[in-house]
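Hi,

Here is the structure I promised to pass on. Have a look, and my notes follow below.

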Amino acid sequence: MSDLPASAGFQHAELEWDENGQPQSRQYGDVYFSRVSGIEETSHVFLAQNDLASRFAALQPGERLVIGETGFGTGLNFLCAWQLFERHAPAGARLHFVSVEKHPLTHDDLARALALWPQLDELAQRLLAQYVAVNPGFQQFRLGDGRVSLTLLVGDALECLAKLDARIDAWFLDGFAPAKNPQMWQPELFAQMARLSAPGTTFGTFTSAGFVRRGLGAVGFEVQRVPGWGPKREILRGHFAGQPTTTEKPWYARPSHRPAPRQALVIGAGLAGCASAASLAARGWQVTLLERHAEIAQEGSGNPQGVLYLKLSAHGTALSQLVASGFGYTRRLLQNLQRGRDWDACGVLQLAYDDKETERQAGLAEAFPATLLQPLDRAEAERIAGVALAGGGLFYPDAGWAHPPALCRWMIERPGIELRRHQQPLQLRRENEQWLAFDGERLLAQAPVVVLAGAAEAAQFDQSAWLPLKRIRGQITGLPATERSTALQTVLCAKGYVAPPRDGQHTLGASFNFEQTDPAPSEAEHRSNLEMLQEISPDLYQRLQADTGATAKLAGRVAMRCTSPDYLPIIGPLADAHAFAEAYAALAKDARQVPETPCPWLDGLYVNTAHGSRGMITTPLSGELLAAWIDGEPLPLPRAIAEACHPSRFLLRKLIRGS
């Protein structure tokens, strides 16, 4: 794991615009596309050389084609491929586009560049609507009513591709010219292309440089020179004739189980369950969603306001990378909700409440770009917050709050998802390639794939009882807004948080109680929340007249967070714990060896839980990660981060530690 976040040294693209309104990179001194016709160049070099029209038409429902690209640039190639997919692919087929970009365009520059092609305007507007919170790391987009996925890898091409877990079907080699950007055409990058390719994977590129031809040939690609387009006399096309290599450890390998009936059962309709159902349904799965309550989002996902609080590290930890990617994906989904009622990008101000926090924030300000977070002094912080504060802090301009039940409802209001209320499975049995969910002797539902997403309840089944889940009680306090408290313009965070009002009420909290499990709000925790408010802003405390209210009359809500021992979520396929211990018993003596024994998966059984207090940020993306494990798609996170969230990590640690 890197000691530095991928954002270190991050810069957006710096553009110059010629007399025809076409962009050129100031960093590389090169054009993004042909000055004659970018669309015709893309069509000839990338679409035609990869035979995409016929390959899209040949896709069957449930099948997908994965395109990999070196250099997202203005998104022209992506939009042209998407348009061709819409024209030729049958209903039920999917396009997954994976592209890397070290210097992404700003939203304004992207809009200006895409305006050059009116014939792409409909798709361009759909991309632009989702082009928010594009920060360093893996950024996932869901487009085309879920039929199209874009995984944008923001960072150095070689570093990003080395972290990618995917099987690419067609490559667009489209970095700036080799003479202008040699880093994009190095042998190590070609080796990563080979690692990510299957036999027959195709490629097209605008260059015909001899060292590119030789470099691709050296890693297993058969290369042809073919007539170019416009001023280019020749270009290259070809296919991968080698064999894919893998170094993955068996306990993190992708399960080979691919059920023919694409049907899934998701247990638990909170944020994790709704995200899992939505991501599967977007891929053509028929999903039955079981919820034990009368409505969805009744437990930890039921709070009136969840804060998009980014718990980041200046050292590029697994949790920090997960949060950075998850934040962007959540922000893009929230664009679909009603702003002001269901969510608001009012920003989040993390106060520097002591010397240690001040030092931590200084490290973050150096490690992350200003588009993600900005250090503010006291005067600036008070101007943005609208209330008096004791000091400054870090401001996250794209963050804010959201109403979790609204996001849950939006995620599952789509074809392919059937919600069944008052359904609480107590046992799971596997018979004839199907998982059967029982409540005593009553069969509630069955499917070849089951996702356990009911927070700590995910460990109630025999197959999952080994999951090390723990509950942490959290209580929020609701304070009626006053005329003076509505001056608060942003979420304030310290050891807790207070949000601007929603429906005339501020949400304040949340407590952390490791001892109690009582579901009723307590006066003691109301008092604790009010004391925390006073520490955040004595001014806001007075504006809310918090000192005059009787705690017994305050509105409150208690929910149990579900966490894991390492505070990372648990997302992925489940193994048989007993068979795992037998298969890899040798690790207890030598943890460095990698046995060739395949992992004893419980075919079709998956888990998505332990999101703790970060559910608004991590759960939407967790649905995409889970669907990628189930459907064999490119992972939307670096492979190391997916492994850090994998259920098998706990079985592995138990073996190695001999416990």
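**What I found**

Tyr567 counts as partly exposed, because its relative accessibility is 38% (buried is under 20% relative accessible area, exposed over 50%, partly exposed in between, with a 1.4 Å probe and protein chains only). This is a predicted model, where local features need pLDDT of at least 70 and side-chain atom pairs count only at pLDDT 80 or more, while totals for chains, interfaces and linings use all residues. Residues are numbered from 1 along each chain as its sequence is written, and side-chain values use heavy atoms, leaving out hydrogens and water.

Back to Tyr567: you'll find it in the loop between β29 and β30 (570-575). (Strands are DSSP runs of E, at least two residues, and helices are runs of H or I, at least four, numbered from the N terminus.)

Strand β29 (555-563) is also an edge strand of a sheet, as is β17 (374-376). That open sheet has eight strands in the order β17-β18-β16-β26-β27-β28-β25-β29, with mixed pairing (two strands pair if DSSP finds at least two bridges between them). Within the sheet, β26 (491-493) and β27 (497-498) run antiparallel and are joined by two bridges. Leu492 sits opposite Val498 in β27.

Now for another spot: is Gly71 buried or exposed? Gly71 is buried, because its relative accessibility is 9%. Its place is the loop between β4 (64-70) and α3 (76-88). Val100 is 29 residues from Gly71 in sequence, yet their C-alpha atoms are 5.4 Å apart. Beyond neighbours within four places in sequence, Gly71 has contacts (heavy atoms within 4.5 Å) with Ser99, Val100, Glu101, Asp174 and Met184.

Cheers
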